[in-house]
Amino acid sequence: MEKLLKKKGFICDMDGVIYHGNRLLPGVKEFLQWLRDNDKRYLFLTNSGQCTPKELQQRLGRMGLEVEESHFYTSALATAHFLDSQAPGCSAFVLGEHGILNALYEVGITYNDVNPDYVIVGESTGYNLEMITKAVRLVNAGAKLIGTNYDLTGPTENGIAPACRALLAPIELATGKKAYYVGKPNPLMMRTGLKMLGVHSEEAAIIGDRMDTDIVAGIETGLDTVLVLSGVTSREDCLEFPYRPRVILNGVGDIAAAANSRKAESL
């Protein structure tokens with residue numbers, strides 16, 4: 001824990017780490033206050049691309065947390081940045097919410113359901129067979145397949161729900177094409193996060209609730225790794241993977257509690 005407390009920058013997942021649905025998780029307010037009191041640099045980096053950074057800011061605001069919009073980076077923004085660098089001015093057929101649609105629009109990528117350059121899949125509450133069939137036909141016609149993130153499932157207030165990789169599976173199976181996933185654990189998103197923080201990977205830690213995205217992303221990018229058990233992963237689940245997080249905590253509140261305990265001991 002001592003090593004973790006000395007880090008200059010923190011990259012934090014949101015779902016399962018900061019909240020479940022519209023419920024703030026225990027210890028989050030204390031953790032955020034610790035970050036501020038100790039001049040830590042922090043970024044909420046989420047694989048969810050459904051919301052814009054402004055909406056995420058307002059969502060936390062409704063839960064009682066005041067965080068500037070600049071502290072948020074989503075897989076939707078990462079996807080838009082990637083496509084803009086690969087094929088400026090391209091077009092895409094999108095299965096997703098306004099978060100990804102807005103991000104694409106901001107970089108000049110237009111919606112196209114006739115002959116798009118790309119088919120992009122993110123989380124969508126309107127996901128249905130008609131959309132899947134359309135996507136399959138467009139991919140078979142030559143459109144490249146992109147997934148905004150690699151999450152298979154995600155935590156909600158009512159339990160686990162299918163996420164991007166699960167929604168993409170029917171399209172991959174029907175077309176025989178494999179999607180390119182932009183979000184965590186893709187190093188592209190992690191490097192952008194570190195650049196936004198302005199710290200070296202050795203000076204930063206990633207805090208997440210998923211072994212297959214958050215923790216492996218941290219390991220492959222050279223960050224300190226912290227798994228919290230407040231999301232979709234249990235301590236027993238960790239044994240199924242060939243890699244391990246350096247620290248396992250019940251939640252982010254454990255960090256603030258440890259820091260306060262050490263401070264009290266020093267008085």
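**A strand and its surroundings**

Guide: From strand β6, the residues S91, F93 and L95 point one way, while A92 and V94 point the other way, and all of them are buried (under 20% relative accessible area, with exposed meaning over 50% and partly exposed lying in between, for a 1.4 Å probe and protein chains only). In a regular strand, side chains alternate between the two faces of the sheet. This is a predicted model, in which local features need pLDDT of at least 70 and side-chain atom pairs count only at pLDDT 80 or more, whereas totals for chains, interfaces and linings use all residues. Residues are numbered from 1 along each chain as its sequence is written, and side-chain values use heavy atoms, leaving out hydrogens and water.

Strand β6 covers residues 91-95, and five of the five are buried, so the strand is largely enclosed by the rest of the structure. Strands and helices here are DSSP runs numbered from the N terminus (E, at least two residues, for strands; H or I, at least four, for helices). Strand β6 is joined by two bridges to strand β7 (residues 110-111), and the two run parallel. Within β7, T110 is the bridge partner of S91.

These strands belong to an open sheet of five, ordered β7-β6-β8-β9-β12 and paired in parallel (a pair needs at least two DSSP bridges). At the edges stand β7 and β12 (180-181), each having a single partner strand, so one side of each is left without a neighbour in the sheet. Helix α5 (residues 98-106) packs on this sheet and touches β6, β7 and β8; its direction makes about 170° with that of β6. Such angles run from 0 to 180 degrees between N-to-C directions of lines fitted to C-alpha atoms, for helices over the stretch in contact. Another helix, α4 (residues 75-86), lies across β8, β9 (144-147) and β12 and runs at about 165° to β8.

**Loops around this sheet**

E123 is placed in the loop between β8 (118-121) and α6 (129-140). With a relative accessible area of 12%, E123 is buried. Beyond four places in sequence, E123 touches N47, S48, G49, Q50, G96, E97, T148, N149, A163, C164 and L167, contact meaning heavy atoms within 4.5 Å. E123 and G49 lie 74 residues apart in sequence, yet their C-alpha atoms are 7.0 Å apart in space.

T52 sits in the loop between β4 and α3. It counts as buried, its relative accessible area being 14%. Apart from neighbours within four places in sequence, T52 is in contact with H98, G99 and N102.

**The other sheet**

A further open sheet has six strands in the order β5-β4-β1-β13-β14-β15, with parallel pairing. Its edges are β5 and β15 (247-249), each with a single partner strand, so one side of each has no neighbour in the sheet. On average, neighbouring strands of this sheet are turned by 25° against each other, direction ignored. Strand β1 (residues 9-12) and strand β4 (residues 41-46) run parallel and are joined by four bridges; C12 stands opposite F44 in β4. Helix α3 (residues 53-62) packs on the sheet, where it touches β4 and β5, and its direction makes about 125° with that of β5.

T74 has its place in β5, which spans residues 72-74. At 1% relative accessibility, T74 counts as buried. Setting aside neighbours within four places in sequence, the contacts of T74 are T46, S48, C51, L56 and M189.

**The nonpolar cores**

A nonpolar core is a set of buried Ala, Val, Leu, Ile, Met, Phe, Trp, Tyr and Cys residues joined through side-chain atoms within 4.5 Å. The largest one has 32 residues, and F10, W34, F44, L60 and I207 have the most contacts inside it. Helix α2 (residues 28-37) gives the most to this core, namely five residues. F44, the partner of C12, touches C12, M14, I18, L32, L60, V67, H71, F72 and Y73, not counting residues up to four places away in sequence. A second, separate core contains 30 residues, including A76, A87, A92 and A103.
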